[in-house]
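Hi,

Here is the structure I said I would pass on. Have a look at it first, and then read on for what turned up.

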Amino acid sequence: MATVVRESDDDGVWRQHLYLQTRLKEKNGRIRLLTIQPRQYTASRPEAPQDTIHCFLRLAELSARPPFTAVSHRWQPTDSISPTASVLVNGAAVPVSPGLFSLLQALQNETEAVVVWIDALCINHADGEQREKSVQVAQLARIFASAEKTVIWLGEEGKDGEEGERSGEAMRVLRRLAEEQLTLSAYVANWTPQLGQQLVQKILPARFIHPTGPAHPHPHTHTPTPATKEPADLQQDLESLRAPLKALMERPYWTHLWSLVELCLSSRGLVVCGGHGLALDHFAAAARALDHIINHLMYSKWLAAATSPATPAGASTPAAAAGFVLRSEEVSNLSHSPALRVLARRDEYRKDADSWLKTAENPLFGLLTRFFAAGEGEGEGRGEGENGLGLRIGDRRDRVYALACLATDTAELGIEVDYGKGVESVYEETSAAFLRKGPRVLQLARGTRGIGEGEGQGQASWAVDWENVRLPPSYLGPGAGAGAGLGPGPSDRPFNACGPADIRFYRADTGVPGQIALKAGVVDKVQEVGSTYLPHPHSHSHSHSQAEPQSEPETQTDEPEPGLGSTEQQRAYLAEIRRFWEDSTASLSSPYFAAQAAVALAKIPVGDIEVGSTSTSASASHSISNSAFVRASSATVEGYKRTVEALFPAENDSSTDEDDEDGGEAAAADTHTPAPVEGKEGDEEEGEKKRGGQGEKGKERRKKEPSLPYLAAMARMSNRRPFRSQNGYVGLGPADLAVGDTVAIPYGSAVPFAFRRGGSGSGSSQEGEDATYYLVGEVYVFGIMDGEFMKVHRQESVLKIV
């Protein structure tokens, strides 16, 4: 939503004149419409300045279907009031910014009045309680659906020589493309250099086509005729378009969250830049077409450079020259421009009801997750979410309220748009609405992070902070079938910790403000925690691999990727989990058997999550963190064996020659007994040479490398720490997991969670029904993730979470 710009001291006079007599306090389908009088009307009013824009503001009922045009535009907080702009609304002088005045001028017709809905003037943004803004935002979808069309205002074209003027040039080229009625399939399937030349002849301005006729053409010839001109090198011609196209596609309008929302709500749009207009659908299609054309030409230039026998100056090889071409032409790719990325999301929304923007179940939850959630270990919440759009959000509450305009279940959830509430209240009430339907939102909750640390400390631990969301490794993502909902079915979730206590038995009591009561099965309390696993984003996982000969292909293919952590980090992590397992199985009351060691020690470090063989880096593992995952399989066990053999060579080299002749079977059986190696890597390498000699066995030992898919799965557990419970359960939890935390499985939840007894205010000594807990976060516990615990030991408890 655009907002009125800075106000002057006497701002209340005109506002009282315009708004107080036509109040909009209820969500009843009533709006204000602005009628912009034609220029002829201004000419008939000599008492007003010549460039004055006369407007009339009136009430209208959407149910009466009044004809009007919705205007989608953006404003900047730094906008100032124009001292020269003259706008009269219902006879009152209204101060406006230069940008708003230019927009009104562009909308004004010469002979006919134009009726528009423009939020900057049709909503009283100075309402102290912001009740009017709340009401109008709540019915924004209905407003845009009722409009005859939507004008998308990108701003003025600008003066000659300015960036804006070049945007107008790009608009003219896009219009030519639209007029040619080109489709992607038509020219992509039949692309030839000749077709490209014809296309350039048609769409490029005449000044881009270099004539080949006489140096001094006939003075009465304004443009070269087809017979006297031929296109210059296509890449050179289109190079002149890159800057104006880039400027157009990166206009500030495309970078706002409200722009995306209003575009999605608009069925018929007109993109306007200065004096140039183009239908929204034609604009999007033409921009994509031109992007494909430029990419085709860029690929042709790259291919020519890569296959040319002559090496250009400055390049050592043709391949290097081709790489230079790709780098130098990178700006030509418009696919990643804000405009095309936003328009692509609009296409998905308006395409059909099966797109992710309109999922049948709980779409608001899915929208918020896709836009504002980041994978665990990826740092702070991106705020740019699913597609990296980096959309600007002026009001923090609009993270919820803007996407609520696109959601189909806003009314069902009972979410009311109210700008009179603080952002923490908005996040908390939205989370409570989700929790009334299912426990899945707990996976995204803020937990104990930031409690008592200044700003945000008042937010409940069970609420989601949509400005800093980290997805746990096991989160399926809102696009995984029925997993888009808050109560996913067992077939759509690899984990099923709740077992028979499924979503049918789920209850959440949100009657007490700031508190939620959940039925859960208490598993155990944490007795010991390990170190947080933090693989360095730029470290190599096996440092001595860089020193191996570059000529050996097997060492090059297995060379560790950045982001998987150092060898020392990996060793310490695996050794700590191994120690917890040994301590657990040493007790007669352990829930595990010794025979489970091979599988348990392979699954716990990766949280029972398997990364595909093609995803061999941390970045690859992060890229799948927002989608459905695969449970660990025999490949994970084999990957663990290989990793242990590489990380703990001293342990494996101590095996007998008979073990080596068994094809690795004995070594595999012994891989669950690693111990940290304290010596230096140089000493290890020297020892390997002594033990392995120069024979084939020695070479094999020196070539051992950890499994990259397994290391990538471990990297996915970044910011998590191993733990052991009082009864011997071993697993992984969030970085802020602490001794004494309670592990419990809420009814209907696919995963267990850790809870911490409430501190100050709740009283850490509280017991029984009076006890309150903070939510710490999701945990993985080996041996209970498929309902094993809940099938045998279930004892219903009610946890009051604050």
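Before the sheet, one convention: two strands are taken as paired if DSSP finds at least two bridges between them. Also keep in mind that this is a predicted model.

On that basis there is an open sheet of nine strands, with mixed pairing and the order 5-4-2-1-6-3-7-8-9. The edges are strand 5 (92-93) and strand 9 (276-279); each has a single partner strand, so one side of each is left without a neighbour in the sheet. At the strand 9 end, strand 8 (residues 269-273) pairs with strand 9 in the antiparallel sense, over four bridges.

Now for two helix pairs. Helix 11 (residues 257-265) packs with helix 14 (residues 338-351) at an angle of about 40°, and their axes are 9 Å apart. That angle makes helix 11 oblique to helix 14, and the crossing is right-handed. From helix 11, the contact uses Leu260, Leu263, Cys264 and Leu265; helix 14 brings Val342, Leu343, Arg345, Arg346, Tyr349 and Arg350. By class, that gives seven nonpolar residues, three charged and no polar ones.

The other pair is helix 20 (residues 567-585) with helix 23 (residues 634-647), at about 120° and with axes 11 Å apart. Helix 20 and helix 23 are therefore oblique to each other, and here the crossing is left-handed. Thr567, Gln570, Arg571 and Leu574 of helix 20 meet Tyr640, Thr643 and Leu647 of helix 23. This contact divides into three nonpolar, three polar and one charged residues.

Last, the aromatics: the count comes to 16 aromatic pairs. One of them is Tyr401 with Tyr419, an edge-to-face pair at 5.1 Å centre to centre and 70° between the planes. Tyr401 sits in helix 16 (residues 398-404), while Tyr419 is in the loop between helix 17 (410-413) and helix 18 (423-435), so the pair ties together parts that are 18 residues apart in sequence.

Cheers

Definitions and conventions
Residues are numbered from 1 along each chain as its sequence is written. This is a predicted model: local features need pLDDT of at least 70, side-chain atom pairs count only at pLDDT 80 or more; totals for chains, interfaces and linings use all residues. Side-chain values use heavy atoms; hydrogens and water are left out. Axes are lines fitted to C-alpha atoms, for helices over the stretch in contact, and angles run from 0 to 180 degrees between N-to-C directions. Angles under 35 degrees count as roughly parallel, over 145 as roughly antiparallel, 65 to 115 as roughly perpendicular and the rest as oblique. A crossing is left-handed if the near helix is turned anticlockwise from the far one by less than a right angle, and right-handed if clockwise. Contact means heavy atoms within 4.5 Å. Ala, Val, Leu, Ile, Met, Phe, Trp, Tyr, Cys and Pro count as nonpolar, Asp, Glu, Lys and Arg as charged, and the others, Gly among them, as polar. Rings of Phe, Tyr and Trp (its six-membered ring) pair if their centres lie within 6.5 Å; planes under 30 degrees apart count as stacked, over 60 as edge-to-face and the rest as tilted.
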